[in-house]
Amino acid sequence: MENLNIALIGCGMIGREHIERIQNRIRGAQVVAVCDVFEEGAKKGAEIAGAGTKVYTDFNEAINDPDVNAVVVTTPGQFHKGPVLAAIK
Ligand SMILES: NC(=O)c1ccc[n+]([C@@H]2O[C@H](COP(=O)([O-])OP(=O)(O)OC[C@H]3O[C@@H](n4cnc5c(N)ncnc54)[C@H](O)[C@@H]3O)[C@@H](O)[C@H]2O)c1
């Protein structure tokens, strides 16, 4: 099976937990890009994900990164629609 290279959108409390879990406890998947509307938040996510993680503040750019082939959306519920529809597209 193809390795999942994940862009994680929304580096808040649950997003950071997911990053840690994906990097350390899930085989065949890694977070290669993180995105938060607040750059500082995205940088915190990237610190957890590790060296080389790409940092975005625009979810469209993260989703369209050529290295990305899967998306995890961990924004608050009212902000799910935009990144989820962009990922499906
Ligand atoms: N915290 C928990 O224990 C927990 C548990 C289960 C489910 N959830 C669910 O997870 C979701 C997120 O919760 P949280 O506690 O992590 O919230 P949070 O506010 O800590 O984090 C959300 C992050 O999403 C970012 N964000 C918002 N809109 C964005 C956008 N358009 N693009 C990029 N980033 C964006 C915010 O800047 C913030 O950093 C909620 O729907 C919540 O119900 C949370």
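Two residues are in contact when heavy atoms of theirs lie within 4.5 Å. With that in hand, let's look around. This is a predicted model, in which local features need pLDDT of at least 70, side-chain atom pairs count only at pLDDT 80 or more, and totals for chains, interfaces and linings use all residues. Residues are numbered from 1 along each chain as its sequence is written, and side-chain values use heavy atoms, leaving out hydrogens and water.

**View 1. T75 sits in the loop between β4 (70-73) and α4 (81-88).** Helices (H or I, at least four residues) and strands (E, at least two) are DSSP runs, numbered from the N terminus. T75 touches I9, G10 and H80, leaving aside residues up to four places away in sequence. A polar atom of the T75 side chain lies 2.9 Å from the backbone oxygen of F79. T75 is buried because its relative accessible area is 17%; buried means under 20%, exposed over 50%, and partly exposed in between (1.4 Å probe, protein chains only).

**View 2. R16 belongs to helix α1 (residues 13-25).** With 29% relative accessibility, R16 counts as partly exposed. Not counting residues up to four places away in sequence, R16 touches C11, K44 and I48. The backbone oxygen of C11 is 3.1 Å from a polar atom of the R16 side chain.

**View 3. Here is the largest nonpolar core, with 11 residues, including I6, L8, I19, I22 and V31.** A nonpolar core is a set of buried Ala, Val, Leu, Ile, Met, Phe, Trp, Tyr and Cys residues joined through side-chain atoms within 4.5 Å. Two or more residues come from each of β1 (4-9), α1, β2 (29-35) and α2 (39-49). The most come from β2, which gives three. I22 touches I6, A29, Q30, V31 and V72, again not counting residues up to four places away in sequence. In soluble globular proteins, nonpolar side chains tend to be buried together.

**View 4. The ligand is surrounded by 16 residues, and G12, M13, I14, D36 and G77 are the closest.** An oxygen atom of the ligand lies 2.8 Å from a backbone N or O atom of I14. A ligand oxygen atom is also 2.6 Å from an N or O atom in the D36 side chain. Taken alone, the ligand exposes 830 Å², and the protein buries 60% of that (Shrake-Rupley method, 1.4 Å probe).

Conventions
Polar contact = N/O pair within 3.5 Å; in protein donor to acceptor, adjacent residues only side chain to side chain. Near = heavy atom within 4 Å.
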